[in-house]
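Work through the exercises below with the sequence and the model side by side. Try each task before reading its solution.

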Amino acid sequence: MSPQRSPEEIRASIEANRHELGQAVERLRMEVAEVTDWRGQIRTHQREVLIGAAVAGFVIGGGIAGVFGLFRRR
């Protein structure tokens, strides 16, 4: 069994837990803001974004050219 605690000890424990929970929520809020900052992610991964955009443009451009080439031949 756990030892008996005085009401003051219980209140102090509740306040300490409330304080720790507040800090944890604030840390979580900051982490979520950092992860969901798409502009910051693009700045951080600018090279990869440019390569992906170039590849997507090449693929889409080639697909469109291929489709129009099929229509022209008929």
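This is a predicted model: local features need pLDDT of at least 70, side-chain atom pairs count only at pLDDT 80 or more; totals for chains, interfaces and linings use all residues.

Residues are numbered from 1 along each chain as its sequence is written, and side-chain values use heavy atoms, with hydrogens and water left out.

**Exercise 1. Find the elements and the overall form of the chain.**

Step 1: list the elements. The chain has three helices and zero strands; helices (H or I, at least four residues) and strands (E, at least two) are DSSP runs, numbered from the N terminus. The order from the N terminus is α-α-α.

Step 2: check the spread. The radius of gyration is 29 Å, well over the 11 Å of the globule rule for 74 residues, so the chain is more spread out than a compact globule. That radius is taken over C-alpha atoms, and the rule is 2.2 Å times the number of residues to the power 0.38.

Step 3: Along the principal axes, the C-alpha trace covers about 90 × 25 × 15 Å.

**Exercise 2. Work out how much of the chain is covered.**

Step 1: apply the cut-offs. Buried means under 20% relative accessible area, exposed over 50%, and partly exposed in between (1.4 Å probe, protein chains only). Of the 74 residues, 1% count as buried.

Step 2: take the surface. The accessible surface is about 7,200 Å² (Shrake-Rupley method, 1.4 Å probe). Carbon and sulfur atoms hold 63% of it.

**Exercise 3. Locate the salt bridges.**

Step 1: set the rule. A salt bridge is a side-chain nitrogen of Lys or Arg within 4 Å of a carboxyl oxygen of Asp or Glu. The count is two.

Step 2: take R18 and E15. Their closest N and O atoms are 2.7 Å apart. Both residues lie in helix 1 (residues 7-35), three residues apart, about one turn of the helix. R18 is exposed at 52%, and E15 is partly exposed at 44%.

Step 3: take R29 and E26. This bridge has an N to O distance of 3.3 Å. Helix 1 holds both residues, again three residues apart. R29 is exposed at 52%; E26 is partly exposed at 38%.

**Exercise 4. Identify the nonpolar surface patch.**

Step 1: name the members. They are I60, I64, V67, F68 and F71, with about 540 Å² of accessible area together. Patch residues have over 30% relative accessible area and no salt bridge; nonpolar side chains (Val, Leu, Ile, Met, Phe, Trp, Tyr) are joined within 5 Å, like charges within 9 Å.

Step 2: inspect one member. V67 lies in helix 3 (residues 46-73). V67 is partly exposed, at 41%.
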